[in-house]
Amino acid sequence: MAKKRPAAKTAKPQLNNGEIPVVGAREPCPCGSGRRYKACHGAAAAHAVTEHVQRPFEGLPGECDWVALRELVPAATIPLTLKGGLPEGVPSVTLVTVLPMAWPALRREDGSVLLGLQNDSTTGDLSRDMADTLERALVAEPGTPVPARRVPAEGPRLQDLLDTDGAFEPVVHSGFEFWIPESESAQNSSPEIAASLERANAAAIPTVKLAGVDAAYWCETPEKNHLRWVMPHAEEKLLDALARLHAAGTSSLGEGTKLVGSFRAHGLMVPVWDLPTGVTADDVEKPAAEFAERLVAALAADAPLTTEERRARGGLTNRQVTLS
């Protein structure tokens with residue numbers, strides 16, 4: 001058999017700031033090691049893709065609202081504050097639930113940035129993905145969307161870029177007209193954006209954020225209405241508290257309402273109540289505030305669950321659905 005020829009030695013390429021570009025898994029690693037990317041620096045990138053960050057928004061103001069806007073709310077906007085202030089030429093940065101054609105971000109003609117929240121994650125850390133998109137949006141050519149890409153294994157997270165002392169106050173909209181600058185109209189938009197706007201508005205579920213409690217969102221569906229409330233408490237402790245209230249008959253939000261289960265999303269629990277058709281967001285403001293007081297007391301209880309409370313807890317657990 002012919003002898004294998006030794007691999008040719010190649011000089012390591014000059015890399016800017018020591019960064020290793022992302023390339024195809026079977027291509028030579030850009031570091032110059034002579035190995036394929038997947039067996040060299042790509043190994044860390046692959047690990048980052050599979051390593052899931054359970055609470056990507058932990059440490060940000062309004063973590064519960066971040067989760068709600070990511071998973072539950074069709075149309076909303078929130079002004080964001082960056083550490084160190086806005087770069088020159090960027091008058092504002094706004095978080096939005098979704099953008100036309102599912103763009104990750106958009107740099108408008110006036111230089112302002114819209115950052116989409118309801119997009120796929122490529123690293124397992126949604127915060128890192130969005131930080132990468134935000135950094136690219138800040139330097140993008142005005143009037144252009146920011147495309148999706150595979151995010152490098154290492155990089156900043158939203159917690160590194162955003163002012164964590166800033167306010168986080170979502171504004172819920174009935175439609176997606178916020179896509180269009182105030183100086184323009186939907187008729188003057190491109191056919192693609194106009195069509196996307198029409199489809200999005202047709203599919204949007206009417207949603208209202210309650211004013212009296214944090215991260216609780218009323219929504220209207222053809223069959224019945226719902227209240228979905230993202231809560232910051234540890235899951236096991238919250239399940240115990242909800243079970244105590246359910247067993248005591250005090251877990252509802254008034255006549256005809258019922259605690260029916262919960263979602264699990266980004267490391268937090270989202271209890272869900274069914275509401276009769278015709279019950280509005282205003283109708284549940286007071287009952288929700290009263291429930292919040294009962295929940296505080298139930299969370300503080302440390303006695304073992306009774307048989308009835310354990311049965312109630314099992315029912316709630318069985319009706320739990322994981323969104324992410």
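Colleague: Which residue of E8 stands opposite Val-208?

Modeller: Opposite Val-208 stands Trp-218 of E8. The model is predicted: local features need pLDDT of at least 70, side-chain atom pairs count only at pLDDT 80 or more, and totals for chains, interfaces and linings use all residues. Residues are numbered from 1 along each chain as its sequence is written, while side-chain values use heavy atoms, with hydrogens and water left out.

Colleague: How many bridges join E8 to E9?

Modeller: E8 and E9 (residues 225–229) run antiparallel and share 5 bridges. Leu-227 of E9 is the bridge partner of Trp-218, and the hairpin of E8 and E9 has 4 residues between the strands.

Colleague: Why is strand E8 called mostly covered?

Modeller: A residue is buried under 20% relative accessible area, exposed over 50% and partly exposed in between (1.4 Å probe, protein chains only). Of the 5 residues in E8 (216–220), 4 are buried, hence the description.

Colleague: Why do E5 and E6 count as edge strands?

Modeller: The open sheet of 6 strands has the order E5-E3-E4-E2-E1-E6, with mixed pairing. E5 (144–146) and E6 (171–172) each have a single partner strand, so one side of each lacks a neighbour in the sheet. E6 pairs with E1 (residues 76–79) in the antiparallel sense over 2 bridges, with Thr-77 opposite Val-171.

Colleague: Why is H6 called oblique to H8?

Modeller: Helices are DSSP runs of H or I, at least four residues long. Their axes are lines fitted to C-alpha atoms over the stretch in contact, and angles run from 0 to 180 degrees between N-to-C directions. H6 (residues 235–247) and H8 (residues 307–318) pack at about 120°, with axes 8 Å apart. Angles under 35 degrees are roughly parallel, over 145 roughly antiparallel, 65 to 115 roughly perpendicular and the rest oblique; H6 is therefore oblique to H8.

Colleague: Which residues make the contact of H6 with H8?

Modeller: Contact means heavy atoms within 4.5 Å. Among the residues in contact are Leu-239 and Arg-244 of H6 and Glu-308 and Leu-316 of H8.

Notes
Pairing = 2+ DSSP bridges.
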